[in-house]
Amino acid sequence: MALQWLTLVATIWLQSINGTNSNFPAYSSELKRTLSITQLQLNNLASASDAGKLLGWISGVAASHFPLWLVLLIGSLLGLVGYGVQFLFLTGQISPLSYWHVFLLTALAGNSICWINTVCNIVAIRNFSLDRQISVGLSTSYLGLSARVYTAVVDVAAGGGDGGDSSAERAKLFLFLNAVAPLAVCAAAAPLACMEVGVGKTRNLTTGFFAMFVITTLTGLFAVVTSLGSTAAFSVLFLPGPAVMAGVLAMLALPLVVPVAEMIGERLQRKCRIRVAHGDIEGLSFAAPATENDVAAAKKEDGEGEIPAKVMVRRVDFWIYYLVYLFGATIGLVYMNNLAQIAESRGCSAGVSSLVSLSSAFSFFGRLLPSLLDYFAPKSKSSISRAGAMGGMMAPMCGAFLLLIINGYGQVSLYISTAIIGVSTGAISSISVAATTELFGTINFGVNHNILISNIPIGSFLFGDFAALLYRARGKGDGEENCMGEKCYQTTFIIWGCLCVLGTFLAFILHKRTRKTCNTFNR
């Protein structure tokens with residue numbers, strides 16, 4: 001069991017440095033200045049990272065044929081090339097690059113995220129097959145902390161200055177860390193993440209998961225408090241850079257407490273209680289009869305009911321699922337990508353950083369929420385399917401967009417809606433991992449799930465560009481380049497809200513269509 005927990009800790013470390021795309025705003029201005037490009041071209045560069053996910057399915061194919069340590073190595077090397085060449089460009093160590101060179105390098109770097117994420121999900125599902133939602137949720141929640149981890153290191157390395165020269169130096173440091181940090185962590189964590197765990201499905205996980213939840217919650221709160229402490233409104237919470245970096249590193253090391261405590265407990269008790277498909281075994285006790293759910297899960301693991309990608313894309317259920325994610329998590333991500341422009345149009349430009357911190361924090365806790373519900377909720381045959389859970393998390397998003405449309409609430413509605421959308425987006429992203437295995441099996445998960453999230457770049461270009469066109473039309477209608485007022489995004493919010501309503505409706509249709517199958521495989 002100690003080795004099992006150690007693999008989860010390794011995926012946590014990998015995910016904590018895997019959100020390199022969230023650092024784009026930190027060096028985008030320097031890229032814009034160096035390349036002499038327009039704001040529209042810069043926005044397309046931001047979408048290029050998502051475009052790399054269109055080929056994310058390749059990492060799933062690789063994971064099916066190659067050792068996971070090799071998949072990690074390939075992913076980190078892609079990031080090294082994608083971000084490393086941009087770093088050399090900004091530092092003047094190579095010949096000048098064109099805009100399209102940088103666009104392709106950004107897409108390549110975005111694709112590298114898929115490789116590391118695929119390995120983390122496969123390890124969590126394989127080693128905690130009866131608690132896949134809990135383990136995946138814990139692991140992926142740390143993806144939302146990547147920006148905080150990188151910022152803490154850069155604040156110390158660059159001295160935390162805000163001048164022009166310091167901004168350029170910080171941009172180069174972010175790109176350098178984006179290039180080398182994933183490679184270093186992958187090299188260190190690969191032996192742990194890719195270990196073959198002899199004890200496949202443990203039962204005595206209650207205490208361990210509870211400890212992990214406490215540690216993860218404290219880590220998230222620490223990240224939120226230190227992020228807000230860097231703003232003028234919350235200066236009372238300010239901590240010096242070295243203290244923040246030390247705290248972040250300590251929080252990332254804290255999950256090691258669980259495998260160490262488990263190892264000590266096993267040595268003291270000289271036994272390990274495990275759960276297998278035919279019942280519980282402790283020491284040399286006899287096995288109990290298998291339950292219906294255990295038998296169904298065992299059949300899934302033996303390959304029965306597993307659906308390959310070629311069959312999956314021909315099924316109606318997949319395309320309903322695809323649209324549910326497109327109208328839910330993808331719209332939420334597009335909203336957060338446009339948050340700075342939305343805040344500026346509503347006269348909240350001074351609070352952009354606090355809004356970004358707010359969305360990041362609530363997205364983190366949103367990713368953790370399904371795991372908490374899965375941990376505390378009673379297990380029964382009548383449990384709601386993952387598709388139904390996704391629909392339940394999309395419903396609040398509909399209300400959030402409605403709140404943004406209603407006039408008279410000003411910045412209050414912006415903060416409340418951003419928090420709701422952050423929670424819902426994070427939760428749907430986390431639930432979708434378990435939903436993919438629930439609907440289409442675990443053997444082909446790597447390919448199947450990466451095909452699903454290919455809708456992120458599609459939605460990013462489609463919804464993002466459409467919102468930009470409406471914004472520009474509103475601005476020109478007033479004779480100004482920049483649109484100001486709640487009217488700027490009102491039509492966009494109406495459209496996004498209607499699509500969320502449609503997505504919620506489709507989620508419950510999918511729940512009805514797959515409820516019987518999912519109940520037999522639930523957990």
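I take a contact to mean heavy atoms within 4.5 Å. The model I am reading is a predicted one.

**Entry 1: the whole chain**

I looked up contacts between residues at least 6 apart in sequence, and 83% of them join residues at least 24 apart. Next I checked the secondary structure. I noted 22 helices and two strands. Then I turned to burial. The protein has 523 residues, and 53% of them count as buried. I also looked up the surface. The accessible surface comes to about 21900 Å². Carbon and sulfur atoms account for 67% of that surface.

**Entry 2: the cysteines**

How many disulfides does the structure hold? I found zero. I reminded myself that a disulfide is a covalent bond between the sulfur atoms of two cysteines.

I took Cys120 as a test case. Its closest cysteine sulfur is in Cys186, at 7.8 Å. The cut-off for a disulfide is 2.5 Å, so the sulfur of Cys120 is too far away for a bond. Cys120 is buried, and its relative accessible area is 0%.

Is Cys498 buried or exposed? I noted it as exposed, at 52% relative accessibility.

**Entry 3: salt bridges**

I moved on to charged side chains. The structure holds five salt bridges.

Asp155 sits in helix α8 (residues 146–158) and Arg170 in helix α9 (residues 164–193). The two residues are 15 apart, and the pair links distant parts of the chain. Asp155 is partly exposed, with a relative accessible area of 23%. Arg170 is buried, at 16%. I also found that Arg148, Asp155 and Arg170 are linked in a network of salt bridges.

Next I looked at Asp317. Which residue does Asp317 form a salt bridge with? The partner is Arg513, and the closest N and O atoms are 2.6 Å apart. Asp317 belongs to helix α15 (residues 316–337) and Arg513 to helix α22 (residues 490–521), so this pair ties together parts that are 196 residues apart in sequence. Asp317 is buried, with a relative accessible area of 17%. Arg513 is partly exposed, at 47%.

My last pair is Arg386 and Glu438. Here the closest N and O atoms are 3.8 Å apart. Arg386 lies in helix α18 (residues 386–405) and Glu438 in helix α19 (residues 410–440), so the bridge ties together parts 52 residues apart in sequence. I checked burial on each side. Arg386 counts as buried, at 8% relative accessibility. Glu438 counts as buried as well, at 4%.

**Entry 4: the nonpolar cores**

I went inside next. The largest nonpolar core has 56 residues. Which of its residues touch the most other members? They are Tyr335, Phe401 and Trp496. I listed the elements that give two or more residues to this core, and among them are α14 (309–312), α16 (339–345), α20 (445–452) and α21 (455–477). Helices α15, α18, α19 and α22 are on that list too. The largest share comes from α15, with 13 residues.

Leaving out residues up to four places away in sequence, Phe401 touches Ile331, Tyr335, Ile421, Phe493, Trp496, Gly497 and Cys500. I also noted a second, separate core of 28 residues. Leu90, Leu97, Leu105 and Ala171 are included in that second core.

**Entry 5: a patch on the surface**

Which residues make the nonpolar surface patch of about 480 Å²? I wrote down Leu54, Leu55, Trp57, Ile58, Val61 and Ile458. Helix α4 (residues 57–65) gives the largest share of this patch, three residues. Trp57 has its place in helix α4. Trp57 is partly exposed, with a relative accessible area of 38%.

Definitions and conventions: Residues are numbered from 1 along each chain as its sequence is written. This is a predicted model: local features need pLDDT of at least 70, side-chain atom pairs count only at pLDDT 80 or more; totals for chains, interfaces and linings use all residues. Side-chain values use heavy atoms; hydrogens and water are left out. Buried means under 20% relative accessible area, exposed over 50%, partly exposed in between (1.4 Å probe, protein chains only). A salt bridge is a side-chain nitrogen of Lys or Arg within 4 Å of a carboxyl oxygen of Asp or Glu. Helices (H or I, at least four residues) and strands (E, at least two) are DSSP runs, numbered from the N terminus. Patches are made of residues with over 30% relative accessible area and no salt bridge: like charges are joined within 9 Å, nonpolar side chains (Val, Leu, Ile, Met, Phe, Trp, Tyr) within 5 Å. Accessible areas come from the Shrake-Rupley method with a 1.4 Å probe; for residues, only the protein chains shown count as cover. A nonpolar core is a set of buried Ala, Val, Leu, Ile, Met, Phe, Trp, Tyr and Cys residues joined through side-chain atoms within 4.5 Å.
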